[in-house]
Amino acid sequence: MSLRATRTRTAVASAGVLGLTLALAACGGGSDSDDTSANAPKTDCSQFSQYGDLKGKTVTVFTGIVTPEDKAYTDSYKPFEECTGVTIKYEGDKSFETQVLVRAKAGNAPDIAIVPQPGLLAQLVATGNAKEAPAEVAANVDKFWGKDWKAYGTVDGKFYAAPSGASIKSLVWYSPKEFKDNGYQVPKTLDELYALSDKIAASGKKPWCAGISSGEATGWPVTDWMEDMMLRLNGPETYDKWVKHEIPFNSPESAAALDEAGKILKNDKYVNGGLGDVKSIATTTFQDAGLPILDGTCSLHRQASFYAANWPKNTKVAEDGDVFAFYLPGKDTSSKPLLGGGEFNLAFADRPEVKAFQTYLSTDTWANIKVSVSQGWVSANKGLDASKLTSPVDKLAAQLLQDQNAVFRFDGSDMMPGAVGSNAFWKQSTSWITGQSTKQTVDNIEAAWPK
Amino acid sequence: MSTTSAPLTSTPPIAPGAPAATKAKRKLTSPWASLIAVVIAVLWTLPTFGLAISSLRPERQIKTTGWWTFFTDPQVTLDNYREVLDVENGEGLGSFFVNSFVITIPSVLIPLCLASLAAYAFAWIRFRGRDLLFIVIFALQIVPIQVTLIPLLTLYVDAGIAGQFWTLWLSHSTFALPLAIFLLHNFMKEIPAGLLEAARVDGAGHVQIFFKVLLPLLTPALAAFGIFQFLWVWNDLLVALTFAGGGPDTAPITVALANLSGTRGTAWHLLSAGAFVSIIVPVAIFLLLQRYFVRGLLAGGLKG
């Protein structure tokens with residue numbers, strides 16, 4: 001009976017679909033999606049002569065970067081492929097972080113892995129299959145990146161992986177139009193930020209919106225908040241100690257940082273604009289959390305630069321557009337701590353073509369080709385020509401990354417042990433939002449730290 | 001057979017004395033039973049139906065409202081399907097679809113051939129240690145495939161076949177064999193020994209008995225297991241992810257589906273369309289072979 005019923009329903013459904021198809025075909029009108037990356041850069045092979053002739057060779061790249069960002073990567077490899085004759089096999093997989101470990105352990109590692117976390121990098125090096133970076137790469141990194149970046153690609157004093165892309169997390173999204181209409185100024189210090197929040201709150205509107213729901217990873221946006229505050233209140237040196245667990249997670253500095261984030265996130269007057277009360281933070285997905293800015297029910301939303309891709313298609317993301325971002329200010333104007341993330345190119349082979357490709361990826365040439373074919377991508381490479389960036393947010397991110405006064409620190413939860421960084425920290429942060437005290441929260445996370 | 005080939009949704013107890021067929025028919029045509037069956041069928045199909053409607057709605061609609069708003073505000077587009085299938089600007093699921101077939105068909109045929117031969121040996125050939133060996137094979141079922149992944153991959157790397165279809169064919173066959181042998185062995189055991197003895201008296205050897213006597217009787221069982229295996233392999237993600245990777249040369253459609261929503265999950269509106277492309281084949285197989293499916297589940301092969 002149920003089977004027969006299914007069959008009838010299928011017939012009805014397929015008839016319906018057929019009808020719709022016909023109707024659509026009649027309407028016609030091929031609305032092809034715009035192809036932004038079709039205009040591949042012109043190839044000038046002279047800058048590739050140092051790599052020699054690599055005809056017939058293949059280099060495999062394995063990464064967690066999938067569609068649509070993957071196209072820009074493969075496009076940026078094309079000049080190298082054309083000039084040296086090598087074939088780059090790009091393989092993107094969202095479960096990269098587990099699969100790359102499986103492959104490295106089984107001896108089936110890719111030639112190059114684009115690793116998004118220093119912690120994972122260390123794990124991969126520990127498998128014993130990773131290769132140290134060649135001298136050319138090290139020289140390029142010394143030339144184009146700051147010491148802090150090189151340190152993140154270094155494991156046990158040996159330099160393995162050159163940085164690739166970078167993203168900035170210390171950003172606050174806002175509506176430039178609202179700021180202009182009401183005469184609000186982009187704050188330059190934390191105190192100015194609170195003053196601005198009070199001012200907006202006084203006008204009867206909740207200034208901040210936030211959301212931390214993200215499936216299994218629910219809670220991670222709070223970890224970013226706390227890390228940002230840790231950097232601002234206690235400085236980068238204490239931050240490093242905190243990440244390495246040289247000071248305990250329930251130290252006074254750490255509790256103060258969480259309390260500082262709580263000044264906004266757990267303040268009923270400040271949150272949750274357009275979404276509800278404080279507890280609604282826990283149930284709102286991070287993707288949706290900033291959208292009330294477009295409706296005018298929320299003014300400020302702290303989220304990383306990649307959030308730019310999350311606005312609906314017709315939103316103008318620019319200094320004079322619908323939404324834009326400003327730098328989450330430091331305690332005073334002189335300090336510029338910058339929280340972010342990035343990827344690193346780790347090699348598992350030392351064949352000449354792999355070395356050559358690895359070197360190419362560490363040059364300013366690659367960084368500039370890459371930005372010319374992509375959107376929403378920047379690098380901390382100092383050779384990056386910021387004028388080539390088309391998107392205003394990318395420009396802002398590049399400016400911040402290249403700022404001489406900026407002190408870059410990697411997302412701490414990505415570097416903590418898995419039991420904390422991708423478990424207790426997330427879960428306890430979520431409990432903290434829904435009412436758990438700061439002390440209880442930091443104590444619980446400290447207790448979860450592997451002994 | 002005829003009494004039981006009807007619905008699985010309600011199997012009323014048959015009172016002793018009354019002719020079972022009549023009784024069953026009367027019970028089954030009762031309006032209440034029909035109603036319950038319809039309700040279950042509707043509840044069961046509702047999510048799939050919602051998915052089907054979602055796949056036809058424009059991106060913004062999918063992301064802002066539920067599929068049921070379709071009835072008050074019907075907006076239909078094939079953009080999602082276009083984006084999922086388009087090779088130039090879209091995801092190009094088509095080639096992954098082909099990969100899925102290339103992976104699945106041998107992964108069904110290999111264990112079926114091996115398992116039916118092995119099952120015959122276990123059921124009808126006497127040899128030393130037969131029972132022990134059978135128990136060992138049966139016990140292999142309790143080995144979780146997760147613990148075998150890294151050792152197997154290491155073996156494949158050593159054999160120089162990593163990243164090829166062979167890894168998937170071999171893995172799926174290996175994982176399927178214990179259950180396949182066990183099931184087919186049980187089907188074969190149910191065939192009366194007299195049938196085989198008669199064949200033997202007529203001068204048939206093992207090969208002839210297997211092909212001429214047993215195989216025709218086994219068809220429903222083979223078909224049933226074949227469908228099961230087909231669905232498992234088609235829907236498998238873990239094995240494909242570990243051995244074939246995400247490269248477009250060998251990855252099946254499940255791997256492509258898992259990556260469809262984009263690096264940060266912003267393109268999830270494509271998932272419903274992608275899912276529908278992927279389930280076409282299992283649904284078609286099921287509808288075509290459902291007769292065998294039910295028969296194979298219920299019968300021991302005796303009546304074929």
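**Exercise 1. How many of the 11 residues of H3(A) are buried?**

Solution. The model examined here is predicted.

Step 1. The cut-off comes first: a residue is buried when its relative accessible area is under 20%.

Step 2. By this criterion, the buried residues of H3(A) are Phe96(A), Gln99(A), Val100(A), Leu101(A), Val102(A), Arg103(A), Ala104(A) and Ala106(A).

Step 3. Eight of the 11 residues are therefore buried, and H3(A) is largely enclosed by the rest of the structure.

Step 4. The partners of these buried residues belong to both chains: in chain A they are strand S1 (58-63), S2, S3 and helix H4 (118-126), and in chain B they are H7 and H11.

Step 5. Just after the helix, Gly107(A) adopts a positive phi of about 80°.

**Exercise 2. Determine which parts of chain A are linked by the salt bridge of Arg351(A) and Asp111(A), and state how accessible each partner is.**

Solution. Step 1. The side chains of Arg351(A) and Asp111(A) meet with an N to O distance of 2.9 Å.

Step 2. Arg351(A) is in the loop between strand S10 (336-347) and helix H13 (352-361), whereas Asp111(A) is in the loop between helix H3 (96-106) and strand S3 (112-115); the pair, 240 residues apart, links distant parts of the chain.

Step 3. Arg351(A) is partly exposed at a relative accessible area of 31%, while Asp111(A), at 8%, counts as buried.

**Exercise 3. Describe the salt bridge of Asp224(A) and Lys169(A), and state whether its partners are buried or exposed.**

Solution. Step 1. The N to O distance between the two side chains is 3.3 Å.

Step 2. Asp224(A) belongs to helix H9 (residues 220-243), and Lys169(A) to the loop between strand S6 (162-168) and strand S7 (171-174), 55 residues apart.

Step 3. Both Asp224(A) and Lys169(A) are buried.

Step 4. Elsewhere, Lys71(A), Asp75(A) and Lys78(A) are joined into one network by salt bridges that share partners.

**Exercise 4. Identify the chains and elements connected by the salt bridge of Asp249(B) with Lys89(A).**

Solution. Step 1. The closest N and O atoms of Asp249(B) and Lys89(A) are 3.6 Å apart, and a salt bridge requires a separation within 4 Å.

Step 2. The pair crosses between chains: Asp249(B) is in the loop between helix H11 (238-243) and helix H12 (253-259) of chain B, and Lys89(A) is in strand S2 (residues 87-92) of chain A.

Step 3. Lys89(A) is partly exposed, with a relative accessible area of 44%.

Step 4. Over all chains, the structure holds 20 salt bridges.

**Exercise 5. Characterise the fold of chain B and the crossing of H7(B) with H8(B).**

Solution. Step 1. Chain B contains 13 helices and zero strands. Of its 304 residues, 41% count as buried.

Step 2. Two packed helices are described by the angle and the distance between their axes. For helix H7 (residues 145-159) and helix H8 (residues 165-190) of chain B, the axes come within 12 Å and cross at roughly 140°.

Step 3. The crossing of H7(B) and H8(B) is right-handed. H7(B) contributes Ile145(B), Thr148(B), Leu152(B) and Tyr156(B) to the contact, and H8(B) contributes Thr167(B), Leu170(B), Ser171(B) and Phe175(B).

**Exercise 6. Locate the nonpolar surface patch that includes Val42(B).**

Solution. Step 1. The patch of about 600 Å² is formed by Val38(B), Val42(B), Leu46(B), Phe49(B), Trp68(B) and Phe71(B).

Step 2. Val42(B) lies in helix H2 (residues 31-55) of chain B and is partly exposed, with a relative accessible area of 41%.

Step 3. The whole accessible surface of chain B comes to about 15,900 Å², of which 70% belongs to carbon and sulfur atoms.

Note on methods
Residues numbered from 1 in each chain as written. Chains lettered and ligands numbered in written order. Heavy atoms only, no water. Patch = residues over 30% accessible without salt bridge, like charges linked within 9 Å, V, L, I, M, F, W, Y side chains within 5 Å. Areas by Shrake-Rupley, 256 points an atom, 1.4 Å probe, with all protein chains shown as cover. Helix = DSSP H or I, 4+ residues; strand = E, 2+ residues; numbered from the N terminus. Buried < 20%, exposed > 50% of the residue type's maximum accessible area, 1.4 Å probe, protein only. Axes fitted to C-alpha atoms, helices over the stretch in contact; angles between N-to-C directions. Left-handed = near helix turned anticlockwise from the far one by under 90°. Contact = heavy atoms within 4.5 Å.
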